[in-house]
Amino acid sequence: PGSGVETSKFVPVEHAKEDEKFRFLLIARMLWDKGVGEYVDAAKIIKSKYPHVEFQLLGFLDVINKSAISKEQMQKWVDEGLVNYLGVSDNVKEEIAKADCIVLPSFYREGTPRTLLESASMSKPIVTTNVPGCKEVVNDGVNGYLCEVRNTMDLADKMEMMLNLSEEERKVMGEVGRVKMINEFDEKIVIGKY
């Protein structure tokens with residue numbers, strides 16, 4: 001792999017839940033190419049059936065990029081109650097720890113997304129697109145689910161599948177993901193190969 005993760009730093013954290021909400025989290029620069037629009041549309045679908053589910057976004061907003069999401073658009077989504085925009089963070093680990101599932105429906109030409117590696121290393125199940133870079137992190141149905149690119153319905157279906165797993169099943173998915181990171185993506189392996 002071209003990218004590695006510091007598995008000794010990104011470790012599973014037992015997080016005491018303050019409420020019964022299920023939290024999906026997307027961490028990325030706020031670009032349409034990262035699948036943020038599909039994520040918000042999937043949130044609309046899921047919230048109609050599961051009002052207790054929370055959809056969070058973390059990352060730079062209004063970056064200088066033709067694919068950037070504007071502050072106005074983000075505020076509109078927040079005002080509609082579809083997502084919670086968390087802004088940016090110097091402590092991404094803390095936000096990952098609070099999430100139940102990490103989502104990245106990207107169709108951007110990714111390398112291997114660091115946020116997915118870090119999340120898997122922290123034993124979080126993942127929903128991401130079946131594209132190069134993203135699909136290397138997830139074994140479909142094992143440590144997460146792969147969805148079709150730019151397909152809101154398929155993304156919503158995979159997120160609903162994740163929601164309907166028992167807590168124990170999600171925990172096992174997360175643990176398998178951590179083992180995959182240690183065996184395939186630990187930065188020591190990547191550095192060694194370089």
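A: Glu94 and Lys98 sit four residues apart in helix H3 (residues 92–98), so about one helical turn separates them. Helices here are DSSP runs of H or I with at least four residues, strands are E runs of at least two, and both are numbered from the N terminus. The model is predicted: local features need pLDDT of at least 70, side-chain atom pairs count only at pLDDT 80 or more, and totals for chains, interfaces and linings use all residues. Residues are numbered from 1 along each chain as its sequence is written, and side-chain values use heavy atoms, with hydrogens and water left out.

Q: How do the side chains of Glu94 and Lys98 meet?

A: In a salt bridge, 3.8 Å from N to O. The term requires a side-chain nitrogen of Lys or Arg within 4 Å of a carboxyl oxygen of Asp or Glu.

Q: Which residues in helix H5 are four residues apart, about one turn of the helix?

A: Asp154 and Lys158. Their side chains form a salt bridge of 2.8 Å, N to O. Both Asp154 and Lys158 are buried.

Q: How many salt bridges does a search of the whole structure find?

A: There are 11. One of them joins the side chains of Glu160 and Lys49, at 3.0 Å from N to O. Glu160 belongs to helix H5 (residues 152–164) and Lys49 to helix H1 (residues 36–49), so this pair ties together parts 111 residues apart in sequence. Glu160 is buried, at 16% relative accessible area. Salt bridges can also link up: Lys21, Arg23 and Glu54 make a network.

Q: Now the sheet. What is its strand order?

A: Strands of a sheet pair through backbone hydrogen bonds, either parallel or antiparallel. Here six strands form an open sheet, ordered S3-S2-S1-S4-S5-S6, with parallel pairing. Strand S3 (84–85) and strand S6 (144–147) are the edges; each has a single partner strand, so one side of each has no neighbour in the sheet. Two strands count as paired if DSSP finds at least two bridges between them.

Q: How many bridges join strand S5 to S6?

A: Four, and S5 (residues 126–129) runs parallel to S6. Across the pair, Val127 stands opposite Tyr145. Thr128 stands opposite Leu146.

Q: Which way do the residues of S6 point?

A: In a regular strand the side chains alternate between the two faces of the sheet. In S6, Gly144 and Leu146 point one way, while Tyr145 and Cys147 point the other way. All four are buried.

Q: Where does Asn143 lie?

A: In the loop between S5 and S6. Asn143 is buried, at 1% relative accessible area. Its C-alpha atom is 21 Å from that of Met153, which is 10 residues away along the chain.

Q: Last, the surface. Which residues form a negative surface patch?

A: Patches take residues with over 30% relative accessible area and no salt bridge; like charges are joined within 9 Å, and nonpolar side chains (Val, Leu, Ile, Met, Phe, Trp, Tyr) within 5 Å. Areas come from the Shrake-Rupley method with a 1.4 Å probe; for residues, only the protein chains shown count as cover. Lys and Arg are positive, Asp and Glu negative; His and chain ends are not counted. A charge is placed at NZ of Lys, CZ of Arg, CG of Asp or CD of Glu. The negative patch consists of Glu20, Glu167, Glu168 and Glu169. Glu169 lies in helix H6 (residues 167–185) and is partly exposed at 42%.

Q: Which residues make the nonpolar surface patch?

A: Val142, Val172 and Val176, over about 190 Å². Val172 lies in helix H6 and is partly exposed at 38%.

Note on methods. Buried means under 20% relative accessible area, exposed over 50%, partly exposed in between (1.4 Å probe, protein chains only).
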